[in-house]
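Please keep the sequence and the structure in view while reading.

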Amino acid sequence: MGRSRSAGFGRCLFLCIGLGSSAASFGLTINRNFIAAGGSFGSGLGNAASAPTANVAGGGDLVSIFNAAADCWEMTILDNHTVNLTYGWQALSGGTLGVHVLTGQGGAPHRETSGVIRFDRDGSSPMFLDSTPALREEYGALQQSTQNLGGGNMVTGRWFGSAVGAAAGRFDLFSIALHEIGHSLGLSSANTQFQAGNGDLDVDVTAPRPYAGASIPTISGAHLNLSNALMFPAASLSRRILMSHADTVANAEISKFVNLNLDACIVPEPAVMAALGMGIVGMLRRRRNRR
Ligand SMILES: [Zn+2]
């Protein structure tokens, strides 16, 4: 995927801290309803299956991975809104890794209120199920791409490559979950607010959102035509991808979110935090020694 540019952020740990994920009386609340094997996804969507038994590695499980991804979006979008997401495993056709279906929308501002997300369990694509989905120790340095789409230089891609161990050569289920949940926040071809603005195949960003004046190009239904973006329609092997500024701002424009933390899911790596901690301990020790 071209136009990848290392932005010199060094090795940054990716952490999803579950700030007010369920009990919050304010902010985005993503209610999560896992459908176990045999349960129904709802009208016309079939039944859930058990976790895939072939072509997976990592030892993680969908529930904890989905929770980490949902937490990440809750930290990024801080407007009051609740969306109810039902999710689980199902055999999906072809190379499809995941699929989101809007099942409810409305309100003012107009937003998706409920959706169903199914993840492919047929073993046709190698998947990495991270047992520590809030960490990204299986991946290399953070990389970013930027582009001026009319509203100033915008982060249009944000990812970790160079996967090792069980993550190498596999699609990252955490990234797939982040992408599918992203559809529920605005970029859905069934979302009438997306339809209304997508006639010219872009999302035109308006104030008070950041990058006002930008035109973020769309493709293939409700995806972004930015090859490094989370909401690009294709995924890459051996890569963990986060929401870029373009992904978040596009959703925010469609759903009229205004309170954003565009960098919520990136915190310093453990080595940096440990060094900071050592510094504090060192200072305390020095003081103590002086007594
Ligand atoms: Zn998609």
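A nonpolar core is a set of buried Ala, Val, Leu, Ile, Met, Phe, Trp, Tyr and Cys residues joined through side-chain atoms within 4.5 Å; buried means under 20% relative accessible area, computed with a 1.4 Å probe on protein chains only. The model is predicted, so local features need pLDDT of at least 70 and side-chain atom pairs count only at pLDDT 80 or more, while totals for chains, interfaces and linings use all residues. Residues are numbered from 1 along each chain as its sequence is written, and side-chain values use heavy atoms, with hydrogens and water left out.

The largest nonpolar core has 64 residues, of which Trp73, Phe119, Leu173, Leu178, Ile181, Ile216 and Leu224 touch the most other members. Elements that each supply at least two residues of this core include α1 (62-76), β4 (81-90), β6 (111-120) and α2 (173-183); helices (H or I, at least four residues) and strands (E, at least two) are DSSP runs, numbered from the N terminus. Helix α1 gives the most, with nine residues. Apart from this core lies another, of five residues, among them Ile35, Phe41, Leu45 and Val116.

The zinc ion is coordinated through the NE2 atoms of His179, His183 and His223, at 2.0 to 2.1 Å. Donors are N, O and S atoms within 2.8 Å of the metal (3.2 Å for Na, K and Ca), and since water is not among the atoms, sites may look incomplete. Along the chain, the donors follow the spacing H-x3-H-x39-H. Because His183 lies in helix α2 and His223 in strand β13 (residues 223-224), the pair ties together parts that are 40 residues apart in sequence. His183 is buried, at 7% relative accessible area, and His223 is buried, at 14%.

Notes: Buried means under 20% relative accessible area, exposed over 50%, partly exposed in between (1.4 Å probe, protein chains only).
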